[in-house]
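Here's a walk through one model, starting with its sheet and ending with its charged side chains. Keep the viewer open as you read.

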Amino acid sequence: MTRWQQHADAYEQQCESLERERAHLLAWLAVLHPATSILAGCSTGGDGRHVLHLVAGGRQMSWLVAPRDMPLFRHTHHVETVEPVNARARADDRETEAKYAHLRRHTRLLALEEGVATVVEELRRRA
């Protein structure tokens, strides 16, 4: 029993570490999209969670933010609640997969733009 409890404790610590890293990345993403980033309180649950909403690549996306991670979002515009928060916060698997697919496409597009910018800069230097 003790061995299984140690495994469970280690798993919980790893999950908390991953959630904390995710929160830092979301805070960074919010800084990159200041005009569209909004942190809204959840109207249900009562656990102090908030939902980060932002628009990237023309699509609104959202993620839950734990209360302990709120200090990371001091730079983000805060509102009490936004009506469709619950629907976005409890997105089903299809919506989540659509969000991930959009992020992959948007990332590829940004990487391509960077590559094109580099080629243009090299051509300018040669001219």
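**Sheet, helix and charges**

Strand 1 (residues 38–41) and strand 2 (residues 50–56) run antiparallel and are joined by four bridges. Within that pairing, Leu-39 sits opposite Leu-52 of strand 2. Before going on, a note on ground rules: this is a predicted model, where local features need pLDDT of at least 70, side-chain atom pairs count only at pLDDT 80 or more, and totals for chains, interfaces and linings use all residues. Residues are numbered from 1 along each chain as its sequence is written, and side-chain values use heavy atoms, with hydrogens and water left out.

Two strands count as paired if DSSP finds at least two bridges between them. In general, strands of a sheet pair through backbone hydrogen bonds, either parallel or antiparallel.

Zooming out, the sheet is open and has four strands in the order 3-2-1-4, with mixed pairing. Its edges are strand 3 (59–65) and strand 4 (77–79), each of which pairs on one side only. From one strand to the next, the twist averages 25° (axes are lines fitted to C-alpha atoms, for helices over the stretch in contact, and angles run from 0 to 180 degrees between N-to-C directions). Helix 1 (residues 2–32) lies across strand 2 and strand 3, at about 145° to strand 3; contact here means heavy atoms within 4.5 Å.

Now for the charges. How many salt bridges does a search of the whole structure find? It finds four, taking a salt bridge as a side-chain nitrogen of Lys or Arg within 4 Å of a carboxyl oxygen of Asp or Glu. One of them links Arg-20 to Asp-69, with the closest N and O atoms 2.4 Å apart. Arg-20 belongs to helix 1 and Asp-69 to the loop between strand 3 and strand 4, so this pair ties together parts 49 residues apart in sequence. Asp-69 is buried, at 3% relative accessible area, while Arg-20 is partly exposed at 31% (buried is under 20%, exposed over 50%, partly exposed in between, with a 1.4 Å probe and protein chains only).

Asp-69 also forms a salt bridge with Arg-68, this time at 3.7 Å between the closest N and O atoms. Arg-68 is partly exposed, at 40% relative accessibility. Through shared partners, salt bridges join Glu-19, Arg-20, Arg-68 and Asp-69 into one network.

Key
Helices (H or I, at least four residues) and strands (E, at least two) are DSSP runs, numbered from the N terminus.
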